[in-house]
Amino acid sequence: MSRAQLCQPRGGRCRVRAMACLAAVARTARVAGSLIGSPKYPGQMLEVGETGKESFDSRLRREAMAWLTVRTNDGEEWLTREDIQDFSLDGEPRRLQATQTGIWKPRDLSAALSIQTVYRAPGKERPYNDEVGSDQLLRYAWRGDDAEHADNRALRSAMEQKLPLIWFFGVGMGPAVFQPIFPVYLLWEEPELKQFVIDPNVGRGLVSEGSPLEEPLRRYLMVETKRRLHQPVFRSTVLRAYRSRCAVCSLAHKELLDAAHIVPDSSELGIASVVNGMALCKIHHAAFDAHILGIRPDFVVEIREDILAEVDGPMLKHGIQARHGQRLMELPQNRREYPSRQLLESAYMSFRSA
Ligand SMILES: [Zn+2]
């Protein structure tokens with residue numbers, strides 16, 4: 001992803017330069033840190049012993065992340081639990097993900113390999129506490145209350161050794177599907193709150209425990225967390241809910257689909273919910289954002305009057321004008337994931353007043 005894309009979709013250009021500068025600092029810090037060899041991924045750390053041989057732990061992490069990169073088509077696709085079980089190393093199947101609890105440490109590794117957050121449809125409580133703090137860094141809760149639980153010790157060990165982890169983030173149920181986010185690192189622990197602080201990777205070397213964060217750095221972390229975690233999770237959750245079809249026209253080509261926000265995610269905190277999203281094809285997404293197309297809270301599409309009066313080619317006629325007065329063609333199967341009527345109402349008011 002190019003530097004210019006950092007601010008999208010709603011950033012201003014002015015921020016790019018400041019962030020590019022911070023990114024350069026982060027890169028330098030990373031390179032000056034513990035990198036040895038030629039890492040394949042940004043932030044990937046290789047452990048090379050005196051013999052020049054990579055450790056098994058390091059190789060497993062590297063191979064697993066390379067495999068996930070391919071299997072997710074560079075983060076574009078989500079994976080079922082079953083898909084994730086396909087991974088093998090040296091001909092041996094290797095589990096990458098815990099079956100039930102969130103933290104997974106293979107028996108022959110000294111530290112955790114992955115964490116997971118299970119999907120809960122809107123309105124249902126999440127079982128794990130993964131939240132963004134006021135410093136814009138993500139948190140991952142301990143397992144239970146016991147600091148010395150084996151899972152918590154495994155995470156602490158990954159933190160102390162600065163090992164890269166895979167975060168399987170739930171984006172749907174039945175079957176359970178996950179968006180893998182990697183590599184992520186643990187920065188420090190907050191025992192009084194029973195949680196670890198997750199580094200969105202780019203912050204490596206930029207933040208340390210207890211130091212006050214300057215506003216530009218805070219903003220940078222916020223944008224990076226959005227780009228690395230919130231955007232892919234939001235996209236997968238929304239596209240999965242709409243079975244990878246445009247809500248307006250039912251087009252089923254993922255590469256032509258976006259997860260559109262009904263109301264811009266202005267709060268900038270928390271993971272955008274599926275109820276503020278709709279799968280829309282590129283044309284209908286742009287038409288929705290430009291107030292050419294509106295969607296009433298009763299899920300009926302309206303086209304702006306002046307556009308209805310235009311005479312033009314087939315895209316305008318069939319793709320846009322013909323949708324006027326038609327109900328959405330696709331809605332989630334699970335009613336809890338329907339677009340929020342309140343948010344639709346708000347977006348529809350903007351459409352009418354445009
Ligand atoms: Zn469409």
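The expected span of a helix is 1.5 Å times one less than its number of residues.

**Entry 1: helix 2**

I am working from a predicted model. I started with helix 2, residues 56–71, and checked its span. It has 16 residues and runs 22 Å from its first C-alpha to its last. That is close to the 22 Å expected at 1.5 Å a residue.

Next I asked which residues of helix 2 are buried. I found Ser58, Leu60, Arg61, Arg62, Ala64 and Leu68. Just past the helix I noted Asn73, with a positive phi of about 50°.

**Entry 2: confidence**

I checked pLDDT for the chain. The average is 81, and 79% of the residues score at least 70. Residues 1–47 are below 50. I still count 67 contacts for this stretch in the model, beyond near neighbours in sequence.

**Entry 3: the largest nonpolar core**

I turned to the largest nonpolar core, which has 75 residues. Which members touch the most others? They are Ala112, Leu165 and Ala279. Helix 5 (residues 215–241) gives the most to this core, with ten residues. Domain 1 (3–221) and domain 2 (242–353) each supply at least three residues to the core. For background, nonpolar side chains in soluble globular proteins tend to be buried together.

**Entry 4: strand 6**

I looked at the two faces of strand 6, residues 138–141. Leu138 and Tyr140 make up the covered face. Arg139 and Ala141 make up the uncovered one. As a rule, side chains in a regular strand alternate between the two faces of the sheet.

I then traced the pairing. Strand 6 and strand 9 (residues 195–199) run antiparallel to each other, over four bridges. Tyr140, from the covered face, has Phe196 in strand 9 as its bridge partner.

**Entry 5: Ala150**

Last, I looked up Ala150, which lies in helix 4 (residues 150–160). Is Ala150 buried or exposed? I find it exposed, because it has 11 C-beta neighbours inside 10 Å and the cut-off for exposed is 12 or fewer. I also took a C-alpha separation. Ala150 and Lys105 are 45 residues apart along the chain, and their C-alpha atoms are separated by 9.1 Å.

How values were computed:
Residues numbered from 1 in each chain as written. Predicted model: local features only at pLDDT ≥ 70, side-chain atom pairs only at ≥ 80, totals over all residues. Core = buried A, V, L, I, M, F, W, Y, C linked by C-beta atoms within 7 Å. Buried ≥ 20, exposed ≤ 12 C-beta atoms within 10 Å, placed from the backbone. Domains from an automatic or database assignment. pLDDT = per-residue confidence, 0-100. Contact = placed C-beta atoms within 7 Å. Pairing = 2+ DSSP bridges.
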